[in-house]
Amino acid sequence: MQTSNRETAAERQQSLQDALREVRSIVRRCEKMKGKFPQGSSQDSLLKNRLHAMGVAQLLLEANLSGETAPSFTREELERSVAPLDSIIHKCATAQKKWEPGTRYYRQLQRMIDAMQTAKELVCTALHALEK
């Protein structure tokens, strides 16, 4: 993965570490909710889709941080991960508008947005790699 001219390798590494920490946190929170929604309900489906996307993101982030080859995902697995990532980004951006920049909640939401954007970037890079 190439870094932009504005982002050094150290900054990129820190960004990946921050994103991984946030993704792991989301996975822990989602795991706690398993079984609390009726099977087949929209909440249950949303949770399963979110967990799938976070699992894919976590594996891609770990591979990038360790310098290892990213795990092989099918096009369907990667494409299925994009919508939940977009949803989290959108929901956090909407919620963020309710808070003043610099407040604890604003920063918390920004960390989640940054992590999801990093994860989405890795998923999209993996999708493009499948096209080659």
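Buried means under 20% relative accessible area, exposed means over 50%, and partly exposed lies in between (1.4 Å probe, protein chains only). Keep that scale in mind as you click along. This is a predicted model, in which local features need pLDDT of at least 70, side-chain atom pairs count only at pLDDT 80 or more, and totals for chains, interfaces and linings use all residues. Residues are numbered from 1 along each chain as its sequence is written, and side-chain values use heavy atoms, with hydrogens and water left out.

**Stop one: salt bridges**

Select arginine 24, which is partly exposed at 36% relative accessibility. Its partner is glutamate 62: the two side chains form a salt bridge, 2.9 Å from N to O (a side-chain nitrogen of Lys or Arg within 4 Å of a carboxyl oxygen of Asp or Glu). Glutamate 62 sits in helix α2 and arginine 24 in helix α1, so the pair ties together parts that are 38 residues apart in sequence. Helices here are DSSP runs (H or I, at least four residues), numbered from the N terminus. Glutamate 62 is partly exposed too, with a relative accessible area of 26%.

Now select aspartate 18 and arginine 21, another salt bridge, with the closest N and O atoms 3.2 Å apart. Both residues lie in α1, three residues apart, about one turn of the helix. Aspartate 18 is partly exposed at 33%, whereas arginine 21 is exposed at 52%.

How many salt bridges are there in the whole structure? A search finds seven, including one between lysine 34 and glutamate 31 (3.5 Å, N to O).

**Stop two: the largest pocket**

Select Leu60, Ala70, Thr125, Ala126 and Ala129, which lie nearest the centre of the largest pocket among its 15 lining residues. A pocket is an open set of points on a 1 Å grid over the protein atoms alone where a 1.4 Å probe fits, with protein on both sides within 12 Å along at least five of seven lines; lining residues have an atom within 4 Å of a point. The volume is about 290 Å³, meaning the space filled by probe spheres set on the points. Which helix gives the most to this lining? Colour α4 (104-131): it contributes five residues. The lining divides into 11 nonpolar, three polar and one charged (nonpolar: Ala, Val, Leu, Ile, Met, Phe, Trp, Tyr, Cys and Pro; charged: Asp, Glu, Lys and Arg; polar: the others, Gly among them).

**Stop three: the second largest pocket**

This pocket holds about 220 Å³ of space. Select Ile26, Arg29, Cys30, Leu47 and Arg50, the closest to its centre of 13 lining residues.

Conventions. Helix = DSSP H or I, 4+ residues; strand = E, 2+ residues; numbered from the N terminus.
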